[in-house]
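Please examine the structure shown below before reading on. The paragraphs that follow lead from whole chains to single residues.

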Amino acid sequence: MSRRVTLNLGFQGNTRDVTVVIPDDEPTPWQWGERLSVVGKPTPRVDGPLKATGAAHYTYDIELPGMLYGAILRSPRPHARIRNIDLSAAEHLDGVRAVLALEDREIRFAGQEVAAVAAISSDLAADALKLIKVDYEKMPFVVDMDRAMADFAPRVFGSGSNVGRTSTSSVGNVARGLEVAANTIEAAYTTAVQTHVCLETHGAVASFNAARDQLTVWCSTQGVFSVRDDLAVYFSLPPDNVRVVCEFLGGGFGSKFGATPEMIVAARLAGATGVPVKVMLPRGDEHRSTGNRPNSEQKVKLGVDRDGKLTAIDLVQRGSGGIGGGAGSAGPFKSIYRCANIRTEERNIYTNAGPASPMRAPGWPQGCFALELAMDEMARKAGIDRLEFRRRNSDNPVRAAEYEIGARAFGWAEKNSSPKSSGAFKRGVGVASAEWHAVGVPGPEAQVIAHRDGAVEVRVGTQDIGTGTRTILAIVAAEELGLPVDRVKSEIGDTRFLFSVPSGGSLSAPSNTPAVRQAAAHLKDKLFRIAAPILGAEPDDLEASDGFIRVRTNPSRSLAFADVCKRIPGDSISAQGERVANYEGFRTDQAGCQFAEVEVDTETGIVRVTHVVAVHDAGRIIDPLMARSQVNGGILMGIGFALFENRRMDPMLGIMVNPTMDDYKLLGSLDVPRIDVTFFEVANGITNTGVMGLGEVAHVASAAAVACAVYDAIGVPVRSLPITPDRVLAALGRA
Amino acid sequence: MNRFEVITPADLASASRLLAQDGHVAFAGGVDVLDLSKQNVESPTALVNLKGLKELGGIEVRPSGELRLGAMAKLSEVAEHPAIRARFTAIAEAAGEVATPQIRNLGTVGGNILQRPRCWYFRNPDVNCLKKGGDTCYAISGLNRYHAILGGGPAFIVHPSNLAPALIAMRASATIVGPAGERTVELEKFFTLPTVDPKRENSLKSGEIVTEVIVPASPSSVRSHYLEAREKQSFDWPLVSVAIALDRAPGANTVRDARVVMGAVAPVPWRSPEAEAALKGGPLDESRARAAAEAALKDARPMSDNAYKVVIAKVIVRRAIMSVAGLEAA
Ligand SMILES: Cc1cc2nc3c(=O)[nH]c(=O)nc-3n(C[C@H](O)[C@H](O)[C@H](O)COP(=O)(O)OP(=O)(O)OC[C@H]3O[C@@H](n4cnc5c(N)ncnc54)[C@H](O)[C@@H]3O)c2cc1C
């Protein structure tokens, strides 16, 4: 039933043998240094041409016969009781097919869903919204985190305090650690609310069958199965009666898990009208209502001894996820650096603003920024080189190796010691450490099908949030079957395929690739059984490579893969594979570090990032092109967080003032620095592919590295993100 | 966005007649017209399409050296025009710094100077501010980091046009055709402060169409330059901009005449006679440039969040002067 396999795990110069027990039908994990034919080679995104030519169908592109267009009315008020909603005028408008009241009690943020309509055109739907009369009874509100904590602040939730439960962690004795320290620092850091800004806004097309017991939803989601389950519960249907499809998805970043309000609205309207209904959110709603990364205020104390070793790390943090929670940022404080005494305290403050939702490494970019800038402030005070300071306080050998690779690629020694340049423009460099845990989970199942014409299809109920999932699944199956990648097609994004997990938390690659590999291995066994008698060999003696199935000991005895497929009885042959539980590995965490160089105009306070070097480990890299693209995206989002992005709320009106693409400052092409990415390959075990996720770890340290570089350039820390010109000038004492 | 029809008039006179009707709005490149409709700031019933009106087209440097910019000339054409770059440099630079290539390929000269302000209260469909007939300028007690530091009140918007400061620095005037015939107005006098009417930014009357902008010949002794500071390098509005035109006698280092016009600092393009006077006082060097920059912002009255704009404005004015003067920063 199971077998023992010895794996050589680790990285160059630091390997060890580990014996693991794996199920019999699990392919032997790819070994360190094993020669693979397509895995690890750069393969262009398989659906790139479809996306570039517009042929890829996103939710927005779904058009069904008889389809209606839905629209959602949102509250312009931040806090109000609804006395009455009058839908009648909207209902009587020609072309309107359904009108729903969504909320009939209390509104808690400007942008909350109030009512919805379905009409024969989106223009008519918009007209109908204007006819809905809502009688609001204004209530006091608070959008500012500090004010929300005051004794007599308006309550966001009538019953409870605006200050959520404090969550604390503690190891050792921080007070003692600070006492014995040779140097201490204490400072407060803040970060702003960042919105996800998915290129494709949230939206869905929903359709019921005539009996209203089968629901199909096309939607922009990170988790077709989680949407299915939520909708099944909402509409009291068996999960099997709900089908969710997401062929292409224009970004999620954590804001598109589960059945979000507009999906439920689309489905309710479809139920009410008996025809399909499409609801796509306008950009403003996307900014205000679909989630965000909470802000933070982080009071940090550090202590170090004479040798530059940390003796204490203390964090007192608060953040506001609006009417939602999850504003904590303690993660990096607890684990990036080694310290005997660490205490963290996190509190979520409720405000009358749109709810937070998970966003790319929830809490970590905020925490990493505060921790790393504090580390730099300490290094300066203690007179230690910043990189050396980090080396001394890290006991992770992967990170140690990555610091060296990055420092060399970046030219740290030289850039860190060269003058900041004279005149108004000053250059500075910074380094920050990342961390994430992306070993994946069991659960996904995959199907791999060989057709008589030799084409191979992979089917998994995962979805591609832009990371290149289709591409890497095809690569893994192609590797196992000894085929070029273009012979394999990945079909994903449909709950009719076998189950997979949501694409978030860097889960996709490490959770799906092992299932696909196992399925491909099982398919290969079946094909070997077809080929064996023809080749006069036992199935066990065969191997698949270069498009052939051949006898291992006598490679000249071979059959083309396609010729074997011609002998498939019936039309196709398929096999399944499952993602088995994680087995032992080298480490379950990922390190990673990023170096940034900035140029600061000290007279105007304008900062430009000129160069970023990123070094990351993600186990085995399946496709360096897809992986690099992930890291590029993580860095750019981090630069936006560091320099530009800020959801700004007017304290008197209680509304977001910048819910547009020109007022909400997203970086553009000219703001993109030179980026060099190096992957530090670690044989990590854990699964048969040894792959780890990369989406989050690539983003954790980016803003921190930029902030540290700004500090280096101007000699004073800017302790608040985004680092806008006013803040730089204020830090320099110029404004 | 409400529903509207698009009318393409046969000639200028009918365009003007159409525009005299309620709810009729001129449609040039359409960049701002459509934004304003989508933001429910304006709800036109008809767009009067100016494309194809021959009086509004073209760019021409006349034998006299005078520059004529048809109102429908595209920003990208202005930015790339060799003669404008050589002799009316600030104008080409100002056009070239606008937004992105896509917007420069759509946006026109007329549309650029007539676009409405970008204030986030004004542009918010849920806010009825002073400029939309309400009674409050929310920037006063609200978030005003991008608002006026000069000339504000009772509304505190900043004028958004890149082109306008450059055109005013080069003494341009607009030709306007309307129900009452044709008139010519110096651009400097065309823009109006909120004290005149908080709902408007200029004196264009109902039914009037800007047909062209005329820039008088610029002597070879004049050098001009447009410079802006913005947070992002792509797709962003200036925090502060300035256009400078300096006339120096050949070989001499003293300024005969100067124009300093700032953008994004006030509800209108803001000409600074104080800075111009400071420039004319003696030999042009860094300290004179500094003095002129100080003078330009002498009357600045920053709001709660935008004192930094005063600092940046001084730097941008000084740098622009230094650059036109061919001086290196010390
Ligand atoms: C993201 C973004 C960034 C931008 N950044 C900048 C920037 O940095 N600097 C800058 O200057 N601009 C910027 N713009 C604004 C852009 O330059 C203007 O919207 C554009 O130039 C307007 O020109 P248009 O021809 O499209 O005008 P339209 O939108 O067609 O018209 C604008 C207004 O002028 C009226 N109008 C137009 N032509 C005439 C005429 N001949 N006679 C009478 N009335 C007329 C219209 O009725 C309308 O009210 C930006 C715009 C966007 C969307």
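What percentage of the 330 residues in chain B do buried residues make up? The model is a predicted one, and in it buried residues account for 59% of the 330 residues of chain B. A residue is called buried here when its relative accessible area is under 20%.

The overall form of chain B may be considered next. Its secondary structure consists of twelve helices and twelve strands. Along the principal axes, the C-alpha trace of chain B extends over about 60 × 50 × 35 Å. A compact globule of 330 residues would have a radius of gyration near 20 Å, and the 19 Å of chain B agrees with this. Among the contacts in chain B with a separation of 6 or more, 63% join residues 24 or more positions apart. Chain B exposes about 12,800 Å², and carbon and sulfur atoms supply 53% of that area. Chain B also holds 39 positive and 35 negative charges, whose mean positions are 1 Å apart. The domain assignment gives domain 1 (1-50) and domain 2 (222-324) in chain B. The centres of these two domains of chain B, taken over C-alpha atoms, are separated by 36 Å.

One helix of chain B deserves a separate look. Why is helix α1 (residues 12-19) of chain B described as largely enclosed by the rest of the structure? The description applies because six of the eight residues of this helix are buried. The buried residues of α1(B) are Leu12(B), Ser14(B), Ala15(B), Ser16(B), Leu18(B) and Leu19(B). They pack against strands of chain B, namely β1 (5-7), β2 (24-27), β3 (46-49), β6 (173-178) and β8 (209-215).

The C-alpha trace of chain A spans about 85 × 75 × 45 Å along its principal axes. Of the 735 residues in chain A, 61% are buried. Residues 24 or more positions apart make up 78% of the contacts in chain A with a separation of 6 or more. The accessible surface of chain A is about 26,600 Å², and 50% of it belongs to carbon and sulfur atoms. In chain A, the mean positions of the 79 positive and 85 negative charges lie 3 Å apart.

The domain assignment of chain A gives domain 1 (66-157), domain 2 (162-194 + 295-390), domain 3 (396-438 + 583-735) and domain 4 (439-578). Between domain 2 and domain 3 of chain A, the C-alpha centres lie 18 Å apart. The contact between these domains takes 32 residues from domain 2 of chain A and 43 residues from domain 3 of chain A.

Gly322(A) is one residue of chain A to locate in the model. Gly322(A) lies in the loop between β18 (310-319) and α9 (331-335) of chain A. With a relative accessible area of 1%, Gly322(A) is buried. Which residues is Gly322(A) in contact with, leaving aside its neighbours within four places in sequence? They are Ile349(A), Tyr350(A), Thr351(A), Ala353(A) and Gly354(A). Gly322(A) and Lys299(A) are 23 residues apart in sequence, and their C-alpha atoms are 20 Å apart in space.

Finally, attention turns to the backbone. Most residues other than glycine have a negative phi, and most peptide bonds are trans. Val197(A) is not a glycine, yet has a positive phi of about 50°. Val197(A) is placed in the loop between β11 (194-195) and β12 (203-208) of chain A, and with a relative accessible area of 12% it is buried. In chain B, Ala264(B) likewise has a positive phi, near 65°. Ala264(B) belongs to the loop between β11 (255-263) and β12 (270-271) of chain B, and at 7% relative accessibility it counts as buried.

Cis peptide bonds complete the account. The bond from Leu721(A) to Pro722(A) is cis, with omega near -5°, and Pro722(A) is in the loop between α19 (702-714) and α20 (725-731) of chain A. The peptide bond from Gly153(B) to Pro154(B) is cis, with omega near -5°. Pro154(B) is found in the loop between α7 (109-114) and α8 (163-169) of chain B.

Methods: Residues are numbered from 1 along each chain as its sequence is written. Chains are lettered from A and ligands numbered from 1 in the order in which they are written. This is a predicted model: local features need pLDDT of at least 70, side-chain atom pairs count only at pLDDT 80 or more; totals for chains, interfaces and linings use all residues. Side-chain values use heavy atoms; hydrogens and water are left out. Helices (H or I, at least four residues) and strands (E, at least two) are DSSP runs, numbered from the N terminus. The radius of gyration is taken over C-alpha atoms; the globule rule is 2.2 Å times the number of residues to the power 0.38. Buried means under 20% relative accessible area, exposed over 50%, partly exposed in between (1.4 Å probe, protein chains only). Contact means heavy atoms within 4.5 Å. Accessible areas come from the Shrake-Rupley method with a 1.4 Å probe; for residues, only the protein chains shown count as cover. Lys and Arg count as positive and Asp and Glu as negative; His and the chain ends are not counted. The place of a charge is taken as NZ of Lys, CZ of Arg, CG of Asp or CD of Glu. Domain bounds come from an automatic or database domain assignment.
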